[in-house]
Amino acid sequence: MPPAPRAVLVPILLLLARLALPGPAAAHPLGTSLAEVTPEATSTGLVLALAAEDLERALGWRFYDREAGEVPEGARAELGARLRAYLADRIVLRADGAPCPAAAPAISSQGHTVHLRTSFACGDRHGRLELESRLLAGTDPGYVQLVRIFRGDEMVDVVLREGADRVPLGAPRDPLGVARAYFLAGVEHILAGADHLAFLLGLLLWAIRPLSVVKVVTAFTIAHSITLTLGVLDLVRVPMSLVDPLVAATVVWVAVENFLSRDVDRRWKVTLLLGLVHGLGFASVLQELGLPEAALAPALLAFNLGVEAGQLAIVAVALPTLRAVDRLWPHADGVTGRPKALVHGLSAGLGVLGLWWLAERTIL
C-alpha cells in the first residue's frame with residue numbers, strides 16, 4: 001500500500017484499537033460521582049454514589065459481581081474497611097478548619113452504582129462547615145463530583161473537580177457549574193463508551209454524501225433524545241441488564257447491514273429505531289448519577305448537548321478520514337471510491353466486537 005493511503009488509515013486503526021482495548025463488562029464508566037450532604041445541628045450525613053468500576057479502579061481490587069449486579073455480601077465488610085482507609089484523607093469535613101470524625105460507612109449497591117452512607121460528628125453548632133472531596137483524584141484526571149447540599153427544603157448543587165475540591169456547605173447555587181459538569185459528563189460518556197463509538201463508526205462506513213450523514217446523525221439525535229428524556233424523568237425505566245446487551249446487538253446489526261447494503265440514504269430509518277436503545281443507555285447514566293431538582297432542565301439539556309458534541313467530534317474525525325481513503329486508495333482500474341474490502345473488513349471487526357460484548361453481557 002502506498003504511504004499516503006496508509007497514513008489516512010491511521011485514525012481508523014487507532015479508533016479500532018481503542019474499541020478493542022479490554023475493559024469492564026459494564027458499558028458506562030464515567031469518572032463521575034455524586035455526594036449528598038445533609039448538615040444538621042450536631043452531625044452531618046453523607047451519601048456517596050459512584051460507578052462500581054470507578055471504585056474498583058481506585059481501590060485496585062475487583063469486588064463487584066457484574067452478573068448479579070450487586071456487591072456480594074461476603075465482600076461488603078472488606079469493602080467497608082478498604083473504603084474507610086481510602087477515604088480517610090480524600091473526603092474530609094471540617095468545622096472551623098478542624099477535621100471531624102467519621103462513622104464507619106455502610107455499603108449498598110444498585111445496578112452499576114455503589115452507595116456509601118456515613119456521618120460526621122460535626123454539625124452547624126460546631127462552626128463553619130467545609131467539605132473537601134478528592135474521591136477519584138489520581139485515578140481519573142477528568143473526574144467530576146456533584147455535591148448536593150440539603151438544608152431543610154432547600155437544595156444546593158456545587159461541582160467539584162481536580163483543583164477545585166472544597167466547598168463550604170452554605171455555598172450559593174452554581175447553575176453554570178452544574179450545567180458544565182453535566183455537559184462534560186455527556187461528552188465523556190460517549191467518548192469513553194466503546195460500544196457507542198463502534199455503533200457510530202459502523203453507521204458512517206458507507207457514507208459519502210454529506211446529506212446522508214446529516215440524515216443519520218439527525219435520526220440518532222432525535223431517537224436517543226426521546227428515550228433519554230423519558231428515562232431521566234422516570235417515565236420509562238429499563239434495567240441495564242437488558243439495555244447493555246441491546247446496545248451490543250445494535251453494533252452487530254449495523255455491521256451486518258454493511259455487508260447487505262451500501263444505501264446510507266435510507267439508513268436513517270434503522271438509526272431512528274436503534275438510537276432509541278442507545279438513549280436508554282444514556283438515561284441509565286443520569287438515573288444513577290441523579291439530576292438536581294432545582295436545575296433539572298439545564299442539567300438534562302447540558303448532558304444531551306455533551307453527547308451531541310462527542311458524537312460530532314467522532315463524525316468530524318471519521319468522515320474526512322474515509323473521504324481521504326476514497327481519493328487515495330489504489331484501484332486496479334485507476335478509479336477512486338470507497339473500497340468494499342475496507343468497509344467489509346472494518347465491519348467484520350465491529351461485528352466481532354459486538355458479538356463479544358453481547359456474550360459478555362449475557363452468557364459470560
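Is S108 buried, partly exposed or exposed? S108 counts as partly exposed, because its relative accessibility is 24%; the class lies between buried (under 20% relative accessible area) and exposed (over 50%), with a 1.4 Å probe and protein chains only. The model is predicted: local features need pLDDT of at least 70, side-chain atom pairs count only at pLDDT 80 or more, and totals for chains, interfaces and linings use all residues. Residues are numbered from 1 along each chain as its sequence is written, and side-chain values use heavy atoms, without hydrogens and water.

S108 is part of strand 5, residues 106–110. Strands are DSSP runs of E, at least two residues, numbered from the N terminus. Beyond its neighbours within four places in sequence, S108 contacts T113, V114, H115 and R117; contact means heavy atoms within 4.5 Å. The side chains of S108 and R117 form a polar contact at 3.3 Å. Such a contact is a pair of N or O atoms within 3.5 Å; within protein, one must be able to donate a hydrogen and the other to accept it, and residues adjacent in sequence count only if both atoms are side-chain atoms.

H115 belongs to strand 6, residues 113–120. H115 counts as buried because its relative accessibility is 15%. Residues up to four places away in sequence aside, H115 touches L48, A49, A106, I107, S108, S109 and Q110.

A disulfide (cysteine sulfur atoms within 2.5 Å) joins C100 to C122, with S to S 2.2 Å. C100 lies in the loop between strand 4 (98–99) and strand 5, and C122 in the loop between strand 6 and strand 7 (129–133), so the pair ties together parts 22 residues apart in sequence. The link is left-handed, at -105 degrees about the S-S bond. Both C100 and C122 are buried.

Technical notes:
Helices (H or I, at least four residues) and strands (E, at least two) are DSSP runs, numbered from the N terminus.
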